[in-house]
Amino acid sequence: MIRAAEEDYARPVTRLALRLLALTAVRPSELRGAQWDEFEDLNGSEPLWRIPAWRMKGDADRKDELHGDHLVPITPQALAVLRAVWPLTGEGPLVFPSNRHAHRPMSENAIGYLLNRAGYHGHHVPHGFRAAFSTIMNEWAEREGKEHDRKVIDLMLAHVPTGKVEGAYNRAAYMPRRRELAMAWADMLSDGLSAPSVLLDLPAKAMGPQSRRRVLPPVDIEFRFPTRRRSSAKIIAR
């Protein structure tokens with residue numbers, strides 16, 4: 001499904017957004033609003049996406065909670081997506097901005113329309129990657145996992161506990177195991193897929209022989225993400 005969608009006509013940013021959505025199993029609204037300054041240690045050994053609490057789904061308690069940020073371990077496959085999209089959007093605040101307005105998130109329909117055009121209308125929606133992750137990784141955990149993997153998978157999906165006592169749990173818990181599960185998922189998902197940098201060369205629409213389309217070169221092997229100070233600005237996904 002991912003391969004079919006990526007081979008269809010779309011902006012490179014949309015293709016790369018689809019890939020990162022599948023790899024991270026975050027909510028589509030959280031992906032669309034992703035800001036470059038939310039990513040930590042991209043040049044280090046434990047890269048992380050810290051989605052601030054105010055951007056997360058949940059009640060007021062979650063949004064006001066001191067440790068309410070959602071922590072998403074970044075796998076090598078997800079890091080490759082960020083490296084691929086950097087030449088396109090790295091100068092702005094948003095990882096996946098609108099095609100017309102650099103300070104607005106991409107359309108909430110862009111990824112869904114891409115899946116529909118690829119033939120998956122009525123079969124899969126962007127939010128469906130979360131259900132796929134939950135089902136497949138819980139089945140995997142029954143065969144090969146550890147005692148607390150179901151709890152870890154819930155943490156990775158940022159499921160909000162219903163009890164007030166549970167609501168104060170440590171959202172950074174089990175991070176080493178979360179990285180291991182994220183790697184297992186990324187390895188399964190990426191098998192047979194092109195490198196994210198290849199998606200930069202695919203056309204956004206049918207082109208004639210005299211097309212003037214210019215493809216930006218990918219970052220080189222020595223590329224290092226610049227350090228960014230976290231912004232306090234709130235860019236609301238609409």
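Reader: Why are α2 and α6 called roughly perpendicular to each other?

Author: In this predicted model, the axes of α2 (residues 12–24) and α6 (residues 110–120) cross at roughly 95° and come within 10 Å. Angles of 65 to 115 degrees count as roughly perpendicular, whereas those under 35 are roughly parallel, those over 145 roughly antiparallel and the rest oblique, and therefore α2 and α6 are roughly perpendicular. Local features need pLDDT of at least 70, side-chain atom pairs count only at pLDDT 80 or more, and totals for chains, interfaces and linings use all residues. Residues are numbered from 1 along each chain as its sequence is written, and side-chain values use heavy atoms, without hydrogens and water.

Reader: Which residues of α2 and α6 meet?

Author: Thr14, Arg15, Ala17, Leu18 and Leu21 in α2 meet Ala110, Ile111, Leu114 and Leu115 in α6, where contact means heavy atoms within 4.5 Å.

Reader: Why does Ala158 count as buried?

Author: Ala158 has a relative accessibility of 3%, and buried means under 20% relative accessible area, exposed over 50% and partly exposed in between, with a 1.4 Å probe and protein chains only, so Ala158 counts as buried. Ala158 is placed in the loop between α8 (149–156) and α9 (175–190), and has a positive phi of about 60° although it is not a glycine.

Reader: What makes Tyr174 partly exposed?

Author: The relative accessible area of Tyr174 is 34%, which means that Tyr174 is partly exposed. Tyr174 lies in the loop between α8 and α9, and its phi is near 60°, a positive value in a residue other than glycine.

Conventions
Helices (H or I, at least four residues) and strands (E, at least two) are DSSP runs, numbered from the N terminus. Axes are lines fitted to C-alpha atoms, for helices over the stretch in contact, and angles run from 0 to 180 degrees between N-to-C directions.
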